[in-house]
Amino acid sequence: MRYLVRLSIIALMLLLVIPNLYAGQKKEVKEGAYWWNQPPWQKPAENPRKKELPLISVKGNEFANPKGDKIVFRGLAISDPDKLEGQGYWSKKHFEELRKMGATVVRIPVHPVAWRDRTPEGYLKLLDEAVKWCTELKMYIIIDWHSIGNLEMELFQDPSYNTTKKETYGFWRTIADHFKGNNTVAFYEIFNEPTHRFGLLGSMTWSEWKKINEDIINLIRAYDKETIPLVVGFDWAYDLNYIHYNPINAEGIAYVSHPYYFKRKKPWEPKWDENFGFAKGQYPVMITEFGFNLENVEEGENKGYGEAIIRYLEERGISWIGWIFDPDWHPKMLKSWDNYELTGSGEFFRKALHGKVDK
């Protein structure tokens, strides 16, 4: 009995003493450690050179500068900045080589996997460097969300392209907020290449794709009302036929096609008219991706493709960007990083950018 009484007394003392040991003590809270004391979204630092290049806008079916002069862009695509930085080739020199080639616009593909792995904050640092260098070199920029597949069902062609609607909306919200008012970033290419891959990636109607684009355009313009959204067609961004009867419900946009030589057989020109060229009658059109290995277009049924596509685009005042200024990705324009030695197709595009291709 005495033993039980002693235990009761000890327990009572502990109940009285232990709380007093912590009385007046506060748990140390590290800054930013909890959701309720996170700092507000940080606005990007002011760029004093953001208005250095003339603002590009849509005038009818053309791109134009503030004077109203028609602008036809000719340029090149680079590989993902995350890849280039990881290989040690992310530098102003890379962009200087693009300028030597004759580019007036640079397409920058941002892969969802790289955006996630580097984090938006880290990736924006790379894009800020690109904008700085391009401003200094008098070249405009297209930022391209580089995914391939079916965004409606969120099924994609390769793991590097995997994304979601939520991530895609978040990407464009971040980009538009960060680069609003910066004239060097002239275009936002909403999605690289939509496809259901003959049903292997599910299904997606034009109405569904149209709504996704309109939602993104509205989101972008809540932050940035000046940069031009680029909308791509179906069939891996080749076919724009749906806009005949159901165009995107937005002003000041441009349409995109990727007319690789293997998309259609000769004669190419009537099929280009049918699939994307017709759109130039009402809207600005930009070819943001096409290219070839020279051996594939020198002989046989594809012979003359390079000259034919350049002639077609130039005659219609359609802006174009060649794919790709890199020695690893295909169809590559560089043999290696050594002295930026060009492949046959790289030399073709150098001549085309300088207006020296036989048209």
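## Buried or exposed

A residue counts as buried when its relative accessible area is under 20%. Over 50% it is exposed, and in between it is partly exposed. Phe-171 has a relative accessible area of 0%, so this residue is buried. Keep that cut-off in mind for the residues below. The model discussed here is predicted.

## Aromatic pairs

How many aromatic pairs does a search of the whole structure find? The search finds 39. One of them joins Trp-145 and Phe-171. Trp-145 belongs to strand 6, residues 140-145, while Phe-171 belongs to helix 6, residues 165-179. The two parts are 26 residues apart in sequence, so the pair ties them together. Trp-145 is buried too, because its relative accessibility is 0%.

Another aromatic pair is made by Phe-191 and Trp-209. Here the centre-to-centre distance is 5.5 Å. The planes stand at 75 degrees, which is an edge-to-face arrangement. Phe-191 sits in the loop between strand 9 (185-189) and strand 10 (193-194). Trp-209 sits in helix 7, residues 206-223. The pair therefore links distant parts of the chain, 18 residues apart. Are Phe-191 and Trp-209 buried or exposed? Both are buried.

## Charges over rings

Some charged side chains lie over aromatic faces. Lys-83 is placed over the face of Trp-329, at 5.7 Å from the ring centre. Arg-316 is placed over the face of Tyr-312. In that case the distance to the ring centre is 3.6 Å.

Strands of a sheet pair through backbone hydrogen bonds, and the pairing can be parallel or antiparallel. In this model, 3 strands form an open sheet in the order 8-7-10. The pairing is mixed. Which strands stand at the edges? Strand 8 (155-156) and strand 10 do. Each has a single partner strand, so one side of each has no neighbour in the sheet.

Now look at strand 7, residues 148-150. Strand 7 and strand 8 pair in the antiparallel sense, over 2 bridges. Asn-150 has its bridge partner in strand 8: Leu-155.

## Backbone exceptions

Most peptide bonds are trans, and most residues other than glycine have a negative phi. Some places in this chain depart from that pattern. The peptide bond from Trp-323 to Ile-324 is cis, with omega near 5 degrees. Ile-324 lies in the loop between strand 14 (319-322) and helix 11 (344-353). A cis bond also joins His-330 and Pro-331, where omega is about -10 degrees. Pro-331 is likewise in the loop between strand 14 and helix 11.

Lys-138 is not a glycine, yet its phi is positive, about 65 degrees. Where is Lys-138 found? The answer is the loop between helix 5 (120-137) and strand 6. Its relative accessibility is 43%, so Lys-138 counts as partly exposed. Asp-235 has a positive phi near 60 degrees and is also a residue other than glycine. Asp-235 is found in helix 8, residues 234-237. Asp-235 counts as partly exposed because its relative accessibility is 24%.

Technical notes:
Residues numbered from 1 in each chain as written. Predicted model: local features only at pLDDT ≥ 70, side-chain atom pairs only at ≥ 80, totals over all residues. Heavy atoms only, no water. Phe/Tyr/Trp six-rings, centres within 6.5 Å; stacked < 30°, edge-to-face > 60°. Helix = DSSP H or I, 4+ residues; strand = E, 2+ residues; numbered from the N terminus. Buried < 20%, exposed > 50% of the residue type's maximum accessible area, 1.4 Å probe, protein only. Lys NZ or Arg CZ within 6 Å of the ring centre and 35° of its normal. Pairing = 2+ DSSP bridges.
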